[in-house]
Protein chains: 2
Amino acid sequence: MGITIRDVAAAAGVSTATVSRALRGLPNVDQVTRERVKDVAAALDYVISPSASRLASGRTGSIAVITPYISRWFFSEIIARVESVMQQSGMDLLLMNVGDYQNGHARIPPTPRLRRRVDGILIVSLPPQDPDLEAILSLGMPTAMIGGIAPNVECVVIDDVSAAKRATEHLVALGHTRIALMAGGPATARFTAESQRERGFHLVMKQNSLVEDPMLEVFGHFTIEGGESAMDALLNQPNPPTAVFAMSDEMAFGAIRSIRKHGLEPGCDVSIVGVDNHPMSSYLGLTTVSQPVSELGVTAGERLMGQILGIDPLGENGRVTELPTELMVRESTGTKS
Amino acid sequence: MGITIRDVAAAAGVSTATVSRALRGLPNVDQVTRERVKDVAAALDYVISPSASRLASGRTGSIAVITPYISRWFFSEIIARVESVMQQSGMDLLLMNVGDYQNGHARIPPTPRLRRRVDGILIVSLPPQDPDLEAILSLGMPTAMIGGIAPNVECVVIDDVSAAKRATEHLVALGHTRIALMAGGPATARFTAESQRERGFHLVMKQNSLVEDPMLEVFGHFTIEGGESAMDALLNQPNPPTAVFAMSDEMAFGAIRSIRKHGLEPGCDVSIVGVDNHPMSSYLGLTTVSQPVSELGVTAGERLMGQILGIDPLGENGRVTELPTELMVRESTGTKS
DNA sequence: TTGTAAGCGTTATCAG
DNA sequence: CTGATAACGCTTACAA
């Protein structure tokens with residue numbers, strides 16, 4: 001069961017070597033021969049055996065995308081773009097969720113599954129201190145990273161510090177002085193984006209000599225519900241903030257709901273700005289700092305392919321590509337009343 | 001570069017055959033031998049070569065998930081669950097978007113890429129008349145399908161007809177008689193869910209002797225923007241509907257926005273019900289018919305694995321598993337004013 | 001330009 | 001229970 005290269009060779013009256021060369025477009029094949037082989041292969045409905053090809057050549061023709069989440073907007077959007085790039089490059093895309101964050105089930109370390117299985121790895125937003133990260137990087141294969149920076153690796157990022165600065169400055173410019181920070185979680189096990197955005201926030205607060213009340217730092221776990229509870233907590237304080245910088249739009253959504261629930265109006269009584277430019281943000285009138293999610297995925301995918309193909313090789317110390325962000329002012333922010 | 005089974009065999013003082021058996025947990029291996037082999041393999045940091053294993057065994061250890069979209073909520077949620085099932089089964093998950101719907105780039109037919117490459121295929125919501133669908137099914141490999149029914153295939157679905165009936169009946173029970181239908185697009189190239197939901201809608205309308213004004217059938221393309229424009233068109237008519245059944249929550253979101261834009265209040269001036277129970281639905285107070293997306297993914301994944309492993313084989317005519325839906329009444333629907 | 005043949009690293013079939 | 005050894009289907013020097 002299954003036409004092999006030998007069948008094609010026999011039918012075309014050439015050797016298997018020639019078939020292999022002809023079909024892969026290698027040079028040094030007579031044009032006539034090549035056409036004949038191609039025709040015969042098509043007629044026989046020949047499909048190459050990837051396993052055999054891989055075993056013989058050492059190339060797997062696939063890459064792995066490793067992410068802590070699959071269905072969250074940011075991640076699924078990136079996966080979609082990378083898939084698109086890989087499809088055009090004729091590469092298979094293996095999807096690997098590094099559990100724990102998402103599912104209840106035990107986390108299966110991805111490293112062993114990666115060895116000998118893929119030609120390259122694309123890592124999306126693993127926290128720098130993630131135990132698997134180092135293991136993956138030390139595999140020493142072509143690797144690209146989105147949303148994080150590591151030495152000797154192709155990194156595609158946004159400037160999270162400046163994104164946060166932009167958001168916070170916007171709030172300050174509107175006259176707010178009592179500004180809350182809605183982070184994902186406590187400082188341990190943070191994503192790169194979290195610590196950077198926190199830095200940006202602190203910087204601007206300091207620059208403007210604004211006090212940072214520790215009571216005004218809350219955790220929304222990057223979810224709508226989390227953002228809502230966090231905002232609840234903020235508003236139930238004796239001296240609530242007049243503005244909030246949320247590290248993600250989804251948390252901001254929850255916060256908006258909480259604000260309304262308390263009989264207040266976002267952008268009027270309380271200003272809120274997020275990060276992402278999630279598709280629902282314009283819908284909800286959320287002021288946010290947009291990040292170019294699609295470009296992040298496409299760029300990282302293409303760079304990874306460049307490494308794998310040997311064109312566009314990586315320098316000694318890796319490379320960091322920074323993509324631009326933009327403040328989108330909408331209704332959720334306004335001058336301090 | 002790379003420890004092979006021979007290195008392990010030599011180090012353990014056994015044959016490669018024994019190593020293979022011991023490591024895979026096959027019977028007929030002395031317990032002591034097995035342990036020794038395992039220890040040696042671990043010490044040597046041996047990792048099996050998937051390509052070699054695949055070539056020799058004929059099993060690829062991977063499945064393909066084929067979807068028309070990756071980043072839309074329904075799809076990414078399903079992908080996430082399937083990934084989880086596959087990870088636990090030790091299978092690789094190849095992600096394949098059957099372009100065209102999503103990207104601008106030329107659609108690459110998935111069939112050749114599937115042959116000899118995977119042990120099973122999980123198809124998510126391909127329209128029944130999709131040219132690739134038949135080709136994929138005729139590959140004759142273990143296949144499972146979500147959101148569609150085909151002969152001789154493992155199908156996991158919801159009852160879209162009754163989902164639509166439930167939604168429409170809810171509207172009728174509230175006293176609405178002039179009810180609009182917001183579909184994805186025109187009848188050609190429809191997803192299974194679309195035609196089924198349309199049927200359910202028509203059934204209830206007929207049962208209640210309600211006239212179906214052709215002006216009240218609009219297309220929202222399953223997007224927020226599409227839903228908004230479609231609702232705009234509806235409200236700009238001389239005799240607008242008092243209620244709308246939208247085939248998806250995302251379209252309903254857009255519709256809600258349009259309603260508000262027209263100075264009307266959802267659930268009060270115009271009622272609207274969707275399908276999905278998207279995470280944002282409860283947030284926006286959208287009445288909807290929920291579908292068990294996670295279960296859809298898990299069930300299909302497990303069934304597919306059952307087929308691949310030979311347990312839980314498929315009967316002659318395939319099998320259809322129907323998962324339950326539920327009407328979630330929220331603020332976007334109310335009695336006819 | 002084309003053919004020959006030696007791998008690639010496992011698995012699986014037989015013997016033993 | 002264990003060991004030889006022939007596949008598995010392709011790639012790739014090396015020859016011709």
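Student: What should I know about the model before I start?

Tutor: It's a predicted model, so local features need pLDDT of at least 70 and side-chain atom pairs count only at pLDDT 80 or more, while totals for chains, interfaces and linings use all residues. Residues are numbered from 1 along each chain as its sequence is written, chains are lettered from A and ligands numbered from 1 in the order in which they are written, and side-chain values use heavy atoms, with hydrogens and water left out.

Student: Which residues come nearest to DNA strand C?

Tutor: First the term: a residue is near a strand if one of its heavy atoms lies within 4 Å of it. Here there are 29 residues around DNA strand C, and Thr18(A), Thr33(A), Ile5(B), Ser20(B) and Tyr46(B) come nearest. By class, the surface near DNA strand C has twelve nonpolar, ten polar and seven charged residues. In that scheme, Ala, Val, Leu, Ile, Met, Phe, Trp, Tyr, Cys and Pro are nonpolar, Asp, Glu, Lys and Arg are charged, and the others, Gly among them, are polar.

Student: Which polar backbone atoms sit by a phosphate oxygen of DNA strand C?

Tutor: Think of a polar contact as a pair of N or O atoms within 3.5 Å; within protein, one must be able to donate a hydrogen and the other to accept it, and residues adjacent in sequence count only if both atoms are side-chain atoms. For phosphate oxygens of DNA strand C, the distances to polar backbone atoms are 2.8 Å for Ser15(A), 2.5 Å for Ile5(B) and 3.3 Å for Ser49(B). The elements giving two or more residues to this surface are helix 2 (16-24) and helix 4 (50-57) of chain A, plus helix 1 (5-12), helix 2 (16-24) and helix 4 (50-57) of chain B. Helices (H or I, at least four residues) and strands (E, at least two) are DSSP runs, numbered from the N terminus.

Student: How many residues does each chain put into the contact between chains?

Tutor: Contact means heavy atoms within 4.5 Å. Chain A gives 48 residues and chain B gives 48 residues. Buried area is the accessible area (1.4 Å probe) that two parts lose on being put together, summed over both. Between chain A and chain B that's about 4,600 Å², with 53% from carbon and sulfur atoms. Gln87(A), Arg116(A) and Tyr283(A) supply 17% of what chain A buries against chain B, more than any other three residues.

Student: Which residues touch the most other members of the largest nonpolar core?

Tutor: A nonpolar core is a set of buried Ala, Val, Leu, Ile, Met, Phe, Trp, Tyr and Cys residues joined through side-chain atoms within 4.5 Å. Buried means under 20% relative accessible area, exposed over 50%, partly exposed in between (1.4 Å probe, protein chains only). The largest core has 84 residues, and Phe245(A) and Phe245(B) touch the most other members. Another core, apart from it, has 58 residues, including Val65(A) and Ile78(B).

Student: Is Ala167(A) buried or exposed?

Tutor: Ala167(A) is buried, because its relative accessible area is 0%. Ala167(A) sits in helix 8 (residues 160-173) of chain A. Leaving aside neighbours within four places in sequence, Ala167(A) is in contact with Phe245(A), Val273(A) and Val289(A).

Student: Why does Thr333(B) count as buried?

Tutor: Thr333(B) counts as buried because its relative accessibility is 9%. Its side chain makes a polar contact with the side chain of His170(B), at 2.9 Å.
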